[in-house]
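Q: I'm new to this one. Please put it on screen and take me through it in short steps.

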Amino acid sequence: MAGKQCFLVCPPLGNMARKQCFLAGQLPNYSAHTIVLIILMTNYFVFLVSDKAPSNLTVPGITATSLNLSWQFAFEEKLSPFQGFSVFCRRFWLYSFKETFYETTTTRAEIVGLKPFTEYEVRVAPWHLIGLGFISDGITVKTREWVPAAPPRRFQVKVLSSTSLKIQWGTVPNHARNGIIIAYEIAILDELKNCSEYVNQSASVYHYVKNGLRTYHPYSVKIAAMTSVGGGVWSPWARKRTSEDAPSAPPGNFTGMVRDHQSITYTWHEVPRDDWNSPSIEYLLHCCDSGITCKHRNEYLIRCCNLTKVTCLNRKISGGHTNFTLSDLKPFTSYNCSILAFNNKGQGPSAWVELVTTKQDHLDITNKNNMIIDNLMANQWYDIYVYELYDGDIVENCSVTFKVKTTENVPPAPQNVTLWPLSSTSLSLEWSKPPDDPGSGSILGYNVVLLDLVTGTSHNFTNYTEKYVLLNYLKEYHNYSVNVAAFTAVGQGMFTPWIRTRTLEDVPSGAPENLTVTETSSFSLLVTWTAIPKEDRNGVILGYVLTILDHLTSQNETVILNGSNQFMYEKNDIKKYYYYLITIAGRTSVGVGSEESSVEISNLGN
């Protein structure tokens, strides 16, 4: 047998007197009888196997985790009864094989449970009644890409300033890449507005600076790597709050009301919470007189004024207060006052008002039988004296006195208005009563206006006696603005500034459109579709759920597709005869939509 390929396989059989072996290979012109006689001399019994190895190994279909294998085998050359095939598969760089045995006489096999984007060496050998035949030559195949199975390592978020965050990350572990990383997707969630922004970065970049953020605002950030198939596993959320800064808005509706000739009460609306830029704020009231001091030479008629040194004063007021009374002021003097919010980072912009501390007006009504007196305070009692003058002097005991009360004024706007989403279809609105105003009467109720920011339509909700309201039956993931006003017996007062928010996300109420399926080869189908209509998305579309029902086997295959811009999927490894029902639905962070598009495809004819 010199120069010929052969081998002898002798498995141990315990204490049996004879050992069974089989001889495989290409033998010279010896008869089987001669070989058996030779082997029997050494207490062995031999069967002869000289089949050829399987040939023409091909891979007609391959996915990220499986491959379809076919080969040829010369069945007519068998010398021992044929039993089936063994398929040997190993990663290309490993020495050991992972063996999968198929008890079948067909020349096709499917290898599953493979690792995406990995090279494998595959071989096939026949099994006969007496053992293993020749192993085929190996072929090298590479599985397709899939989404990464892990997020990037060393992911961290740093606060750079009051309006910017720095996001850093490393590479995806080699064993979890499942393909070539082409980009990184970053999600930045505004926790108070409950809205997200998605940013893509090149695979060669490992940091990103997000600017233009709100000051002292909570954000959450996560990251995922992407291959050509789509986005992979997200990292856990990293929560950060931007740095503090000085307030960015002045107090609203800053006004003053003269109490008497030496005091003024100032009122204002609190700075909106989003403009505090810090956990807390205080207010600074700054007032300066005009530098002119006036005195009455005559108690009723003549007033004389002189220039004096300008005097200023400051008053610090705790946050949460919306009024303050300045006392011991100079009588009949003009005061120019401003108010601003401040914190430990600095002062915000100011609001201004100018008033004169006087409560006495003298009007000449000579040759008149009526007079309009304006600039009075609402809902107040006034004493009106009418004197007769003679040569500039008051004629004693000739005065007429009237005691009158001005009517009520409409109330100021309510305070401390808060608005937040309760669900995808409801909002909660709360407020506190308007600041105390002697000029307005008792609050009878409140009116609320809800504005749809997309369509521009508004809805009025009237006569609320409580200081809260639940706004229901709204659109999912929709932008709204709300304001509120109090009313008294004389009418409706000032509205608060508009407050904007958005209802929460929900599952899509519509399905992807234009679902089509075409056969691209004898082993694959191409499924395409278009996006869900915008009004039916009810949130940010994170991807799609594709379901493939095999009518012939009643088996379901579910495919999770990541990314709102993915509008195609290739189904490989289809059978020779098939009849599929394919459905697709969109998904948001809340879940998968109940509405589906479906299509059937078959090559069975009728």
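**Strands, cores and rings**

Q: Which way do strand β45 and β46 pair, parallel or antiparallel?
A: Antiparallel: β45, residues 579-587, joins β46 through six bridges. Two strands pair if DSSP finds at least two bridges between them. Strands here are DSSP runs of E with at least two residues, helices are runs of H or I with at least four, and both are numbered from the N terminus.

Q: And what am I looking at, in terms of source?
A: It is a predicted model, where local features need pLDDT of at least 70 and side-chain atom pairs count only at pLDDT 80 or more, while totals for chains, interfaces and linings use all residues. Residues are numbered from 1 along each chain as its sequence is written, and side-chain values use heavy atoms, with hydrogens and water left out.

Q: Back to the pair. What stands opposite Tyr580?
A: Ile601, in β46.

Q: Which strands make up the open sheet of four?
A: The order is β43-β42-β45-β46, with antiparallel pairing. β43 (555-562) and β46 (597-602) are at the edges with a single partner strand each, so one side of each has no neighbour in the sheet. Neighbouring strands are turned by 20° against each other on average, direction ignored.

Q: How many helices and strands does the protein chain have?
A: One helix and 46 strands.

Q: How much of the protein chain is buried?
A: Buried residues make up 41% of its 606 residues. Buried means under 20% relative accessible area, exposed means over 50%, and partly exposed lies in between (1.4 Å probe, protein chains only).

Q: Which strand is largely enclosed?
A: β17, residues 218-226: nine of its nine residues are buried, so the rest of the structure largely encloses it.

Q: What covers which face there? Which residues are on each side of β17?
A: One side has Pro218, Ser220, Lys222, Ala224 and Met226. The other has Tyr219, Val221, Ile223 and Ala225, and all of these residues are buried. In a regular strand, side chains alternate between the two faces of the sheet.

Q: Which strands pair with β17?
A: β14 (residues 183-190) does, antiparallel, over eight bridges. Asp190 stands opposite Tyr219. β18 also pairs with β17, antiparallel over four bridges, and there Val221 faces Ala238.

Q: New topic. Which residues touch the most other members in the largest nonpolar core?
A: Phe254, Tyr266, Tyr283 and Leu285, out of 22 residues. β26 gives the largest share, four residues. A nonpolar core is a set of buried Ala, Val, Leu, Ile, Met, Phe, Trp, Tyr and Cys residues joined through side-chain atoms within 4.5 Å.

Q: Is β26 mostly covered or mostly open?
A: Mostly covered: nine of its ten residues, 334-343, are buried. β21 (residues 282-289) runs antiparallel to β26, joined by eight bridges. His286 has Ser338 as its bridge partner.

Q: What does Phe254 touch?
A: Leaving out residues up to four places away in sequence, its contacts include Tyr266, Leu285, Ser338 and Trp352. Contact means heavy atoms within 4.5 Å.

Q: Where is Ser248?
A: In the loop between β18 (238-241) and β19. Ser248 is partly exposed, at 42% relative accessible area. Beyond its neighbours within four places in sequence, Ser248 contacts Asp275, Asn277 and Pro349.

Q: Now the rings. How many aromatic pairs are there?
A: Eleven aromatic pairs. In one of them, Tyr578 and Tyr580 have ring centres 5.4 Å apart and planes at 15°, so the pair is stacked. The rule takes rings of Phe, Tyr and Trp (its six-membered ring) with centres within 6.5 Å; planes under 30 degrees apart are stacked, over 60 edge-to-face, and the rest tilted.

Q: Are those two tyrosines buried or exposed?
A: Tyr578 is buried, at 3% relative accessibility. Tyr580 is buried too, at 5%.

Q: Which residues form a cluster through ring pairs?
A: Trp71, Phe73 and Phe85.

Q: Which charged end sits over the ring of Phe117?
A: That of Lys142, 3.9 Å from the ring centre. Lys222 lies over the face of Trp234, at 4.6 Å from the ring centre. A charge counts as over a ring if NZ of Lys or CZ of Arg is within 6 Å of the ring centre and within 35 degrees of the ring normal.

Methods. Axes are lines fitted to C-alpha atoms, for helices over the stretch in contact, and angles run from 0 to 180 degrees between N-to-C directions.
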